[in-house]
Amino acid sequence: METKDYTNMVHIGRKIERVRRLRGMTQTELGEALGITKQAVSKMEQTEQFDDERVKVVAEALGVTEDGLKKFNEETVLYNTINFYENCGVKTSAVSNNHTFNNFPIEQAIEMFEKLLQKEREKFEEVKKDKK
């Protein structure tokens, strides 16, 4: 009998849903990236535990690290994306030793993420009120 390795003890489906929404993806888009249906994504988001290999595949489809998905919380998920360094605007060249640095102030980036997070919280509260 094969044993599965579950290192993601907190409801992973909810984390997948939250990351998907923060990334601006629909269930259909995530399903296409994973090769499954929208209904399968919905069921996946209701699942409490996944084996580590499945978490890895879903994390790649969402564009976050496996560890970032497993340890997801709203404060850290944006820092665990796979392409964070590649998209930060810092470019180097080993041949010419030219450097281009991003002049985008970190305070401005933090403010933007806080506004996006607040909008998501407001949407959540609206949905919560609609369900009552």
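Asp 52 counts as buried, because its relative accessibility is 15% and buried means under 20% relative accessible area, with exposed over 50% and partly exposed in between (1.4 Å probe, protein chains only). The model is predicted: local features need pLDDT of at least 70, side-chain atom pairs count only at pLDDT 80 or more, and totals for chains, interfaces and linings use all residues. Residues are numbered from 1 along each chain as its sequence is written, and side-chain values use heavy atoms, with hydrogens and water left out.

Asp 52 belongs to helix H4, residues 52–62; helices are DSSP runs of H or I with at least four residues, numbered from the N terminus. What does the side chain of Lys 70 form with that of Asp 52? The two are joined by a polar contact of 3.3 Å, that is, a pair of N or O atoms within 3.5 Å; within protein, one must be able to donate a hydrogen and the other to accept it, and residues adjacent in sequence count only if both atoms are side-chain atoms.

Lys 70 also forms a salt bridge with Glu 66, with the closest N and O atoms 3.3 Å apart; the term requires a side-chain nitrogen of Lys or Arg within 4 Å of a carboxyl oxygen of Asp or Glu. Lys 70 is buried at 16%, whereas Glu 66 is partly exposed at 26%. Both lie in helix H5, four residues apart.

The whole structure holds eight salt bridges. One of them joins Glu 45 and Arg 20 at 2.5 Å, N to O.

Conventions. Helix = DSSP H or I, 4+ residues; strand = E, 2+ residues; numbered from the N terminus.
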